[in-house]
Amino acid sequence: MGHIQVPADGEKVTVNSDGSLNVPNRPVIPFIEGDGIGVDITPVMRKVIDAAVEKASAGDKKIEWMEIYCGEKAAETYAGDWFPAETLEAIKDYVVSIKGPLTTPVGGGFRSLNVALRQELDLYVCQRPVRWFSGVPSPVKEPNKVDMVIFRENSEDIYAGIEWKADSDEAKKVIKFLQDEMDVKKIRFPEHCGIGIKPVSSEGTKRLVRKAIQYAVDQDRDSVTLVHKGNIMKFTEGAFADWGYELARDEFGAQPLDGGPWHSFKNPKTGKEIVIKDVIADAMLQQVILRPAEYDVIATLNLNGDYLSDALAAQVGGIGIAPGANLSDDVALFEATHGTAPKYAGQDKVNPGSLILSAEMMLRHLGWNEAADLVIKGVEGAIEAKTVTYDFERLMDGAELKSCSAFGDEVIKHMA
Ligand SMILES: NC(=O)C1=CN([C@@H]2O[C@H](COP(=O)(O)OP(=O)(O)OC[C@H]3O[C@@H](n4cnc5c(N)ncnc54)[C@H](OP(=O)(O)O)[C@@H]3O)[C@@H](O)[C@H]2O)C=CC1
Ligand SMILES: O=C(O)CCC(=O)C(=O)O
Ligand SMILES: [Mg+2]
(Lines give C-alpha, C1' and ligand atoms only; values in the text may rest on other atoms or scores of the structure.)
(Ligands and ions follow the chains in the order given, each with its own letter.)
Protein backbone atom coordinates (compact mmCIF):
# COMPACT_ATOMS: atom_id res chain seq x y z
CA MET A 1 0.00 0.00 0.00
CA GLY A 2 1.24 3.51 -0.79
CA HIS A 3 2.29 5.83 2.02
CA ILE A 4 3.77 8.72 0.06
CA GLN A 5 1.72 11.93 0.21
CA VAL A 6 2.30 13.86 -3.00
CA PRO A 7 2.18 17.65 -2.38
CA ALA A 8 -0.83 19.10 -4.19
CA ASP A 9 0.90 22.29 -5.33
CA GLY A 10 4.12 20.88 -6.77
CA GLU A 11 5.22 19.69 -10.20
CA LYS A 12 7.75 17.05 -11.24
CA VAL A 13 11.26 17.84 -12.40
CA THR A 14 11.66 16.16 -15.79
CA VAL A 15 14.63 15.26 -17.99
CA ASN A 16 14.87 16.59 -21.57
CA SER A 17 16.16 14.39 -24.39
CA ASP A 18 19.59 16.08 -24.18
CA GLY A 19 19.84 15.19 -20.48
CA SER A 20 19.14 18.72 -19.22
CA LEU A 21 16.48 19.26 -16.57
CA ASN A 22 13.11 20.99 -16.75
CA VAL A 23 12.70 22.56 -13.34
CA PRO A 24 9.32 24.08 -12.47
CA ASN A 25 9.06 26.91 -9.92
CA ARG A 26 7.56 24.51 -7.38
CA PRO A 27 9.44 21.25 -7.91
CA VAL A 28 8.48 18.24 -5.82
CA ILE A 29 11.66 17.02 -4.14
CA PRO A 30 11.48 13.66 -2.35
CA PHE A 31 13.48 13.35 0.85
CA ILE A 32 14.38 10.47 3.16
CA GLU A 33 14.72 11.77 6.71
CA GLY A 34 17.34 9.14 7.61
CA ASP A 35 18.08 7.09 10.72
CA GLY A 36 19.98 8.24 13.83
CA ILE A 37 20.85 11.94 13.45
CA GLY A 38 18.61 12.14 10.36
CA VAL A 39 15.86 13.37 12.67
CA ASP A 40 18.12 16.29 13.69
CA ILE A 41 19.79 17.34 10.46
CA THR A 42 17.05 16.82 7.87
CA PRO A 43 14.57 19.42 9.22
CA VAL A 44 17.43 21.93 9.62
CA MET A 45 18.56 21.33 6.04
CA ARG A 46 15.00 21.89 4.78
CA LYS A 47 14.61 25.12 6.76
CA VAL A 48 17.93 26.51 5.46
CA ILE A 49 17.19 25.56 1.86
CA ASP A 50 13.65 26.99 2.01
CA ALA A 51 15.04 30.28 3.33
CA ALA A 52 17.70 30.46 0.60
CA VAL A 53 15.22 29.67 -2.19
CA GLU A 54 12.69 32.16 -0.91
CA LYS A 55 15.26 34.92 -0.59
CA ALA A 56 16.94 34.22 -3.94
CA SER A 57 13.66 34.15 -5.87
CA ALA A 58 11.79 36.81 -3.86
CA GLY A 59 9.17 34.17 -3.11
CA ASP A 60 8.65 33.05 -6.75
CA LYS A 61 10.14 29.63 -6.18
CA LYS A 62 9.58 27.02 -3.51
CA ILE A 63 10.56 23.40 -3.05
CA GLU A 64 7.59 21.14 -2.36
CA TRP A 65 9.19 18.56 -0.09
CA MET A 66 7.75 15.05 -0.29
CA GLU A 67 8.71 12.56 2.39
CA ILE A 68 9.64 9.10 1.16
CA TYR A 69 10.80 6.28 3.39
CA CYS A 70 13.78 3.97 3.73
CA GLY A 71 15.43 2.32 6.73
CA GLU A 72 13.94 2.41 10.22
CA LYS A 73 11.12 4.84 9.41
CA ALA A 74 10.16 2.71 6.39
CA ALA A 75 10.07 -0.41 8.55
CA GLU A 76 7.63 1.40 10.89
CA THR A 77 5.54 2.83 8.07
CA TYR A 78 5.49 -0.18 5.72
CA ALA A 79 5.07 -3.02 8.26
CA GLY A 80 8.67 -4.17 8.37
CA ASP A 81 9.71 -3.29 4.81
CA TRP A 82 13.02 -1.41 5.12
CA PHE A 83 13.35 -0.76 1.42
CA PRO A 84 9.91 -0.07 -0.10
CA ALA A 85 9.50 -0.38 -3.86
CA GLU A 86 7.47 2.83 -3.74
CA THR A 87 10.55 4.72 -2.53
CA LEU A 88 12.68 3.52 -5.43
CA GLU A 89 9.94 4.43 -7.88
CA ALA A 90 9.63 7.94 -6.42
CA ILE A 91 13.39 8.59 -6.64
CA LYS A 92 13.33 7.55 -10.31
CA ASP A 93 10.13 9.34 -11.12
CA TYR A 94 10.94 12.67 -9.45
CA VAL A 95 14.55 12.68 -10.80
CA VAL A 96 16.16 14.76 -7.99
CA SER A 97 16.03 13.71 -4.31
CA ILE A 98 17.97 13.98 -1.08
CA LYS A 99 18.48 11.55 1.77
CA GLY A 100 19.70 11.44 5.36
CA PRO A 101 22.00 8.63 6.52
CA LEU A 102 20.78 5.05 6.94
CA THR A 103 22.00 2.45 9.43
CA THR A 104 23.81 -0.68 8.27
CA PRO A 105 24.56 -3.46 10.76
CA VAL A 106 28.18 -4.71 10.83
CA GLY A 107 28.89 -8.39 10.13
CA GLY A 108 25.43 -9.97 9.92
CA GLY A 109 22.00 -8.47 9.33
CA PHE A 110 20.78 -6.83 6.17
CA ARG A 111 23.01 -5.32 3.49
CA SER A 112 23.56 -1.57 3.29
CA LEU A 113 20.44 0.28 2.21
CA ASN A 114 22.66 3.16 1.07
CA VAL A 115 24.60 0.85 -1.24
CA ALA A 116 21.36 -0.86 -2.32
CA LEU A 117 19.85 2.50 -3.35
CA ARG A 118 22.92 3.27 -5.46
CA GLN A 119 22.89 -0.16 -7.07
CA GLU A 120 19.15 -0.44 -7.70
CA LEU A 121 19.04 3.01 -9.29
CA ASP A 122 22.43 2.57 -11.02
CA LEU A 123 23.67 5.79 -9.41
CA TYR A 124 27.18 4.98 -10.57
CA VAL A 125 28.91 8.25 -9.62
CA CYS A 126 29.43 9.25 -6.01
CA GLN A 127 30.63 12.85 -6.29
CA ARG A 128 32.11 14.29 -3.09
CA PRO A 129 33.69 17.75 -3.18
CA VAL A 130 36.19 18.53 -0.42
CA ARG A 131 37.02 22.17 0.19
CA TRP A 132 37.95 24.26 3.16
CA PHE A 133 35.76 27.02 4.59
CA SER A 134 37.75 29.86 6.10
CA GLY A 135 37.96 29.49 9.88
CA VAL A 136 37.09 25.79 10.09
CA PRO A 137 39.46 24.02 12.51
CA SER A 138 41.76 21.56 10.76
CA PRO A 139 44.57 19.20 11.83
CA VAL A 140 46.73 20.30 8.86
CA LYS A 141 48.75 23.50 8.49
CA GLU A 142 47.34 24.66 5.17
CA PRO A 143 43.77 23.39 4.79
CA ASN A 144 43.18 26.17 2.24
CA LYS A 145 45.21 24.06 -0.21
CA VAL A 146 42.63 21.27 -0.10
CA ASP A 147 40.23 21.63 -3.00
CA MET A 148 39.45 18.24 -4.48
CA VAL A 149 36.43 16.51 -5.94
CA ILE A 150 36.22 12.76 -5.48
CA PHE A 151 34.47 10.72 -8.18
CA ARG A 152 33.93 7.39 -6.47
CA GLU A 153 32.70 4.46 -8.57
CA ASN A 154 29.44 3.47 -6.91
CA SER A 155 28.26 0.27 -8.59
CA GLU A 156 31.12 -2.25 -8.59
CA ASP A 157 34.11 -3.40 -6.53
CA ILE A 158 33.70 -5.42 -3.33
CA TYR A 159 30.65 -3.25 -2.57
CA ALA A 160 28.71 -5.34 -5.09
CA GLY A 161 27.96 -7.56 -2.08
CA ILE A 162 29.07 -10.86 -3.64
CA GLU A 163 30.42 -12.60 -0.56
CA TRP A 164 29.84 -15.75 1.42
CA LYS A 165 30.25 -16.41 5.11
CA ALA A 166 32.98 -18.75 6.35
CA ASP A 167 31.75 -22.34 6.75
CA SER A 168 28.63 -21.75 4.59
CA ASP A 169 27.90 -24.28 1.84
CA GLU A 170 28.35 -21.48 -0.69
CA ALA A 171 31.80 -20.45 0.59
CA LYS A 172 32.90 -24.10 0.63
CA LYS A 173 31.60 -24.57 -2.92
CA VAL A 174 33.42 -21.48 -4.24
CA ILE A 175 36.66 -22.50 -2.51
CA LYS A 176 36.39 -26.02 -3.93
CA PHE A 177 35.76 -24.61 -7.41
CA LEU A 178 38.80 -22.33 -7.11
CA GLN A 179 41.01 -25.18 -5.92
CA ASP A 180 39.77 -27.94 -8.24
CA GLU A 181 39.00 -26.05 -11.40
CA MET A 182 41.14 -22.91 -11.26
CA ASP A 183 44.21 -24.49 -9.71
CA VAL A 184 44.20 -21.92 -6.89
CA LYS A 185 46.67 -22.93 -4.18
CA LYS A 186 47.01 -19.61 -2.40
CA ILE A 187 44.09 -19.64 0.02
CA ARG A 188 46.06 -19.73 3.26
CA PHE A 189 43.35 -21.21 5.51
CA PRO A 190 40.69 -22.73 3.22
CA GLU A 191 38.89 -24.62 6.01
CA HIS A 192 37.07 -21.70 7.64
CA CYS A 193 37.31 -18.93 5.12
CA GLY A 194 34.86 -16.21 4.05
CA ILE A 195 34.99 -15.35 0.36
CA GLY A 196 34.28 -12.03 -1.41
CA ILE A 197 34.36 -11.22 -5.11
CA LYS A 198 35.54 -7.90 -6.54
CA PRO A 199 34.03 -7.17 -9.96
CA VAL A 200 35.60 -4.23 -11.83
CA SER A 201 34.67 -3.80 -15.50
CA SER A 202 35.84 -1.71 -18.42
CA GLU A 203 32.29 -0.35 -18.81
CA GLY A 204 31.93 0.57 -15.14
CA THR A 205 35.36 2.19 -15.02
CA LYS A 206 34.97 4.14 -18.22
CA ARG A 207 31.58 5.64 -17.43
CA LEU A 208 32.96 6.88 -14.08
CA VAL A 209 36.24 8.22 -15.47
CA ARG A 210 34.35 9.89 -18.34
CA LYS A 211 32.27 11.85 -15.79
CA ALA A 212 35.39 12.80 -13.81
CA ILE A 213 37.27 14.07 -16.87
CA GLN A 214 34.21 15.88 -18.22
CA TYR A 215 33.87 17.58 -14.84
CA ALA A 216 37.52 18.70 -15.04
CA VAL A 217 36.82 20.13 -18.51
CA ASP A 218 33.60 21.90 -17.49
CA GLN A 219 34.95 23.25 -14.19
CA ASP A 220 38.39 24.26 -15.53
CA ARG A 221 40.32 21.89 -13.28
CA ASP A 222 44.03 21.10 -13.70
CA SER A 223 44.21 17.35 -13.27
CA VAL A 224 42.37 14.07 -12.84
CA THR A 225 44.12 11.48 -10.65
CA LEU A 226 43.20 7.81 -11.03
CA VAL A 227 43.63 6.28 -7.57
CA HIS A 228 44.04 2.50 -7.44
CA LYS A 229 45.89 -0.37 -5.79
CA GLY A 230 46.91 -1.85 -9.13
CA ASN A 231 50.30 -3.07 -7.99
CA ILE A 232 48.53 -5.71 -5.89
CA MET A 233 45.13 -6.20 -7.57
CA LYS A 234 46.29 -6.11 -11.16
CA PHE A 235 43.17 -7.15 -13.05
CA THR A 236 40.73 -5.03 -11.07
CA GLU A 237 42.46 -1.94 -9.65
CA GLY A 238 45.30 -2.04 -12.18
CA ALA A 239 42.80 -2.41 -14.99
CA PHE A 240 40.90 0.60 -13.59
CA ALA A 241 43.98 2.78 -14.20
CA ASP A 242 44.63 1.27 -17.65
CA TRP A 243 41.02 1.73 -18.75
CA GLY A 244 41.03 5.25 -17.34
CA TYR A 245 44.03 6.23 -19.46
CA GLU A 246 42.51 4.47 -22.48
CA LEU A 247 39.30 6.47 -22.08
CA ALA A 248 41.30 9.70 -21.74
CA ARG A 249 43.11 8.92 -25.01
CA ASP A 250 40.09 7.67 -26.98
CA GLU A 251 37.51 10.25 -25.92
CA PHE A 252 39.49 13.32 -24.87
CA GLY A 253 42.54 13.00 -27.16
CA ALA A 254 44.99 12.72 -24.26
CA GLN A 255 48.60 11.89 -25.18
CA PRO A 256 51.26 10.25 -23.00
CA LEU A 257 53.53 12.72 -21.19
CA ASP A 258 57.26 11.88 -21.51
CA GLY A 259 56.45 8.33 -22.59
CA GLY A 260 53.71 7.81 -19.96
CA PRO A 261 52.01 6.58 -17.92
CA TRP A 262 50.75 10.12 -17.21
CA HIS A 263 48.81 11.77 -20.02
CA SER A 264 47.60 15.26 -20.86
CA PHE A 265 45.25 17.06 -23.22
CA LYS A 266 44.12 20.61 -23.87
CA ASN A 267 40.84 21.60 -22.31
CA PRO A 268 38.72 22.43 -25.39
CA LYS A 269 36.91 25.14 -23.41
CA THR A 270 39.92 27.00 -22.00
CA GLY A 271 42.98 25.80 -23.95
CA LYS A 272 44.62 24.90 -20.66
CA GLU A 273 46.38 21.59 -20.13
CA ILE A 274 44.60 18.90 -18.08
CA VAL A 275 46.90 16.20 -16.73
CA ILE A 276 45.61 12.65 -16.24
CA LYS A 277 47.77 10.87 -13.69
CA ASP A 278 47.59 7.89 -11.38
CA VAL A 279 48.66 7.28 -7.80
CA ILE A 280 48.59 4.06 -5.80
CA ALA A 281 45.96 4.28 -3.06
CA ASP A 282 48.16 3.98 0.04
CA ALA A 283 50.59 6.58 -1.27
CA MET A 284 47.64 8.80 -2.13
CA LEU A 285 46.52 8.88 1.50
CA GLN A 286 49.82 10.52 2.49
CA GLN A 287 50.08 12.64 -0.67
CA VAL A 288 46.76 14.37 -0.01
CA ILE A 289 48.01 15.38 3.43
CA LEU A 290 51.53 16.43 2.45
CA ARG A 291 50.93 17.86 -1.03
CA PRO A 292 47.20 18.63 -1.33
CA ALA A 293 47.67 21.42 -3.88
CA GLU A 294 48.81 18.84 -6.45
CA TYR A 295 45.46 17.04 -6.46
CA ASP A 296 42.25 18.22 -7.98
CA VAL A 297 39.70 15.80 -9.45
CA ILE A 298 40.09 12.22 -8.19
CA ALA A 299 38.58 9.17 -9.90
CA THR A 300 38.67 5.98 -7.91
CA LEU A 301 37.03 2.66 -7.12
CA ASN A 302 34.29 2.17 -4.57
CA LEU A 303 36.26 1.14 -1.46
CA ASN A 304 39.18 3.52 -2.05
CA GLY A 305 36.65 6.32 -2.54
CA ASP A 306 34.91 5.48 0.72
CA TYR A 307 38.19 5.66 2.65
CA LEU A 308 39.44 8.76 0.86
CA SER A 309 36.14 10.61 1.43
CA ASP A 310 36.35 10.48 5.21
CA ALA A 311 40.15 10.98 5.29
CA LEU A 312 39.99 14.07 3.09
CA ALA A 313 36.98 15.42 4.99
CA ALA A 314 39.10 15.33 8.16
CA GLN A 315 41.57 17.74 6.56
CA VAL A 316 38.89 20.38 6.15
CA GLY A 317 37.06 19.96 9.44
CA GLY A 318 35.59 16.46 9.46
CA ILE A 319 32.56 14.65 8.19
CA GLY A 320 30.26 17.23 9.74
CA ILE A 321 30.98 19.32 6.66
CA ALA A 322 31.33 16.74 3.88
CA PRO A 323 28.62 16.78 1.20
CA GLY A 324 27.94 14.46 -1.71
CA ALA A 325 25.75 13.31 -4.57
CA ASN A 326 24.94 9.94 -6.11
CA LEU A 327 24.34 10.34 -9.83
CA SER A 328 23.22 8.27 -12.81
CA ASP A 329 22.82 9.75 -16.27
CA ASP A 330 19.46 11.20 -15.25
CA VAL A 331 18.67 10.55 -11.59
CA ALA A 332 20.39 12.36 -8.69
CA LEU A 333 20.20 11.44 -5.00
CA PHE A 334 22.10 13.83 -2.74
CA GLU A 335 23.48 12.70 0.63
CA ALA A 336 26.11 13.56 3.22
CA THR A 337 29.34 11.57 3.48
CA HIS A 338 28.78 10.71 7.14
CA GLY A 339 26.53 8.10 8.70
CA THR A 340 23.86 8.01 11.38
CA ALA A 341 26.20 8.85 14.33
CA PRO A 342 23.77 6.95 16.64
CA LYS A 343 25.22 8.21 19.92
CA TYR A 344 24.08 11.74 19.02
CA ALA A 345 20.65 10.84 17.58
CA GLY A 346 17.80 13.09 18.68
CA GLN A 347 20.03 15.44 20.72
CA ASP A 348 19.88 18.44 18.35
CA LYS A 349 23.66 18.48 18.59
CA VAL A 350 25.47 17.42 15.42
CA ASN A 351 26.61 19.56 12.54
CA PRO A 352 23.94 19.74 9.81
CA GLY A 353 26.58 21.23 7.47
CA SER A 354 27.14 18.09 5.39
CA LEU A 355 23.47 17.71 4.53
CA ILE A 356 23.01 21.46 4.01
CA LEU A 357 25.96 21.48 1.60
CA SER A 358 24.61 18.35 -0.13
CA ALA A 359 21.40 20.32 -0.65
CA GLU A 360 23.50 23.22 -1.92
CA MET A 361 24.88 20.84 -4.58
CA MET A 362 21.27 19.88 -5.30
CA LEU A 363 20.28 23.52 -5.84
CA ARG A 364 23.13 23.92 -8.39
CA HIS A 365 22.03 20.68 -10.07
CA LEU A 366 18.55 22.25 -10.42
CA GLY A 367 20.16 25.40 -11.85
CA TRP A 368 19.15 27.46 -8.80
CA ASN A 369 22.61 28.98 -8.40
CA GLU A 370 21.54 32.18 -6.63
CA ALA A 371 19.96 30.14 -3.84
CA ALA A 372 23.04 27.89 -3.72
CA ASP A 373 25.28 30.96 -3.44
CA LEU A 374 23.19 32.16 -0.50
CA VAL A 375 23.66 28.83 1.26
CA ILE A 376 27.44 29.12 0.86
CA LYS A 377 27.31 32.72 2.08
CA GLY A 378 25.31 31.66 5.12
CA VAL A 379 27.62 28.74 6.00
CA GLU A 380 30.71 30.92 5.55
CA GLY A 381 29.17 33.67 7.68
CA ALA A 382 28.17 31.35 10.52
CA ILE A 383 31.66 29.80 10.62
CA GLU A 384 33.45 33.14 10.44
CA ALA A 385 31.29 34.39 13.32
CA LYS A 386 32.43 31.27 15.24
CA THR A 387 28.84 30.24 15.96
CA VAL A 388 29.29 26.53 15.37
CA THR A 389 28.26 23.03 16.46
CA TYR A 390 30.23 20.90 18.97
CA ASP A 391 32.57 19.33 16.39
CA PHE A 392 34.05 22.71 15.42
CA GLU A 393 33.58 24.41 18.80
CA ARG A 394 35.79 21.86 20.59
CA LEU A 395 38.67 22.73 18.26
CA MET A 396 38.20 26.50 17.89
CA ASP A 397 39.34 29.24 20.23
CA GLY A 398 36.60 31.62 21.32
CA ALA A 399 33.79 29.84 19.52
CA GLU A 400 30.18 29.91 20.67
CA LEU A 401 28.60 26.46 20.89
CA LYS A 402 25.39 26.13 18.89
CA SER A 403 22.93 23.26 18.63
CA CYS A 404 22.20 21.68 15.27
CA SER A 405 19.04 23.76 14.80
CA ALA A 406 20.63 26.97 16.15
CA PHE A 407 23.51 26.55 13.67
CA GLY A 408 20.91 26.32 10.90
CA ASP A 409 19.40 29.59 12.13
CA GLU A 410 22.86 31.18 12.10
CA VAL A 411 23.33 30.09 8.49
CA ILE A 412 20.00 31.69 7.58
CA LYS A 413 20.94 34.88 9.47
CA HIS A 414 24.20 35.18 7.53
CA MET A 415 22.46 34.90 4.15
CA ALA A 416 21.34 38.51 4.62
N1 LIG B 1 25.55 7.16 3.50
C2 LIG B 1 25.14 6.73 4.67
O3 LIG B 1 23.97 6.74 4.99
C4 LIG B 1 26.16 6.21 5.62
C5 LIG B 1 25.75 5.39 6.64
N6 LIG B 1 26.64 4.94 7.57
C7 LIG B 1 26.11 4.12 8.66
O8 LIG B 1 26.01 4.93 9.83
C9 LIG B 1 26.17 4.13 10.99
C10 LIG B 1 27.19 4.75 11.95
O11 LIG B 1 28.47 4.71 11.31
P12 LIG B 1 29.80 5.28 11.94
O13 LIG B 1 30.89 4.44 11.47
O14 LIG B 1 29.60 5.52 13.40
O15 LIG B 1 30.04 6.67 11.19
P16 LIG B 1 29.30 8.08 11.33
O17 LIG B 1 29.70 8.85 10.13
O18 LIG B 1 27.85 7.90 11.54
O19 LIG B 1 29.91 8.74 12.65
C20 LIG B 1 31.26 8.67 13.02
C21 LIG B 1 31.66 9.92 13.78
O22 LIG B 1 31.75 11.00 12.84
C23 LIG B 1 31.36 12.20 13.46
N24 LIG B 1 30.16 12.70 12.79
C25 LIG B 1 29.32 12.05 11.96
N26 LIG B 1 28.36 12.85 11.53
C27 LIG B 1 28.57 14.05 12.09
C28 LIG B 1 27.91 15.30 12.02
N29 LIG B 1 26.81 15.49 11.28
N30 LIG B 1 28.41 16.32 12.76
C31 LIG B 1 29.52 16.18 13.49
N32 LIG B 1 30.18 15.02 13.58
C33 LIG B 1 29.72 13.97 12.89
C34 LIG B 1 31.11 11.87 14.92
O35 LIG B 1 32.39 12.01 15.55
P36 LIG B 1 32.71 12.27 17.09
O37 LIG B 1 32.37 11.00 17.79
O38 LIG B 1 34.17 12.58 17.08
O39 LIG B 1 31.88 13.42 17.57
C40 LIG B 1 30.69 10.41 14.83
O41 LIG B 1 30.84 9.72 16.04
C42 LIG B 1 26.55 2.73 10.51
O43 LIG B 1 25.38 1.95 10.51
C44 LIG B 1 27.03 2.98 9.10
O45 LIG B 1 26.88 1.85 8.29
C46 LIG B 1 27.97 5.33 7.53
C47 LIG B 1 28.42 6.15 6.53
C48 LIG B 1 27.56 6.62 5.47
O1 LIG C 1 26.15 2.18 3.65
C2 LIG C 1 26.77 2.36 4.70
O3 LIG C 1 26.33 2.00 5.79
C4 LIG C 1 28.10 3.04 4.67
C5 LIG C 1 28.35 3.75 3.38
C6 LIG C 1 29.49 4.68 3.44
O7 LIG C 1 30.31 4.66 4.33
C8 LIG C 1 29.64 5.67 2.38
O9 LIG C 1 28.91 5.64 1.41
O10 LIG C 1 30.53 6.52 2.49
MG1 LIG D 1 31.84 6.13 4.04
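In this predicted model, an oxygen atom of ligand 2 is placed 3.1 Å from an N or O atom in the side chain of Arg-152, and the protein covers 75% of the 300 Å² of accessible area that ligand 2 has on its own. Arg-152 also belongs to the sheet, where Cys-126 stands opposite this residue in β7.

**Ligand 2**

- The residues around ligand 2 are Thr-104, Ser-112, Asn-114, Arg-118, Arg-128, Arg-152, Asp-306 and Thr-337, and by class this shell has 4 polar and 4 charged residues but no nonpolar ones.

**Ligand 1**

- Ligand 1 has 24 residues around it, of which Gly-339, Ala-341, Lys-343, Tyr-344 and Tyr-390 come nearest; by class, the shell divides into 9 nonpolar, 9 polar and 6 charged residues.
- Thr-104, which is listed around ligand 2, also has a backbone N or O atom that lies 2.9 Å from an oxygen atom of ligand 1.
- Leu-102 likewise places a backbone N or O atom 2.9 Å from an oxygen atom of ligand 1, whereas Tyr-344 contributes a polar side-chain atom, which lies 2.6 Å from an oxygen atom of this ligand.
- Taken alone, ligand 1 exposes 880 Å², and the protein buries 71% of that area; the elements that give two or more residues to its shell are α4 (113-120) and α12 (390-393).

**The sheet**

- An open sheet is formed by 12 strands with mixed pairing, and their order is β4-β3-β5-β16-β15-β6-β7-β14-β10-β13-β12-β11.
- At the edges of this sheet are β4 (64-68) and β11 (255-256), each of which pairs on one side only.
- Strand β6 (residues 125-131) and strand β7 (residues 147-153) run antiparallel and are joined by 7 bridges, and it is in this pair that Cys-126 stands opposite Arg-152.

**Helices on the sheet**

- Helix α6 (residues 202-218) packs on the sheet, where it touches β6, β7, β10 (223-228), β12 (263-266), β13 (273-280) and β14 (297-300), and its direction makes about 160° with that of β7.
- Helix α10 (residues 353-365) lies across β3 (28-32), β4, β5 (96-99), β6, β15 (325-327) and β16 (332-335), and it runs at about 175° to β5.

**Local backbone features**

- A cis peptide bond, with omega of about 5°, joins Gly-260 and Pro-261, and Pro-261 is found in the loop between β11 and β12, of which β11 is an edge strand of the sheet.
- Asp-157 has a phi near 70°, a positive value in a residue other than glycine, and this residue lies in the loop between β7 and β8 (163-164).

Conventions
Residues are numbered from 1 along each chain as its sequence is written. Chains are lettered from A and ligands numbered from 1 in the order in which they are written. This is a predicted model: local features need pLDDT of at least 70, side-chain atom pairs count only at pLDDT 80 or more; totals for chains, interfaces and linings use all residues. Side-chain values use heavy atoms; hydrogens and water are left out. A residue is near a molecule or strand if one of its heavy atoms lies within 4 Å of it. A polar contact is a pair of N or O atoms within 3.5 Å; within protein, one must be able to donate a hydrogen and the other to accept it, and residues adjacent in sequence count only if both atoms are side-chain atoms. Accessible areas come from the Shrake-Rupley method with a 1.4 Å probe; for residues, only the protein chains shown count as cover. Ala, Val, Leu, Ile, Met, Phe, Trp, Tyr, Cys and Pro count as nonpolar, Asp, Glu, Lys and Arg as charged, and the others, Gly among them, as polar. Helices (H or I, at least four residues) and strands (E, at least two) are DSSP runs, numbered from the N terminus. Two strands pair if DSSP finds at least two bridges between them. Contact means heavy atoms within 4.5 Å. Axes are lines fitted to C-alpha atoms, for helices over the stretch in contact, and angles run from 0 to 180 degrees between N-to-C directions.
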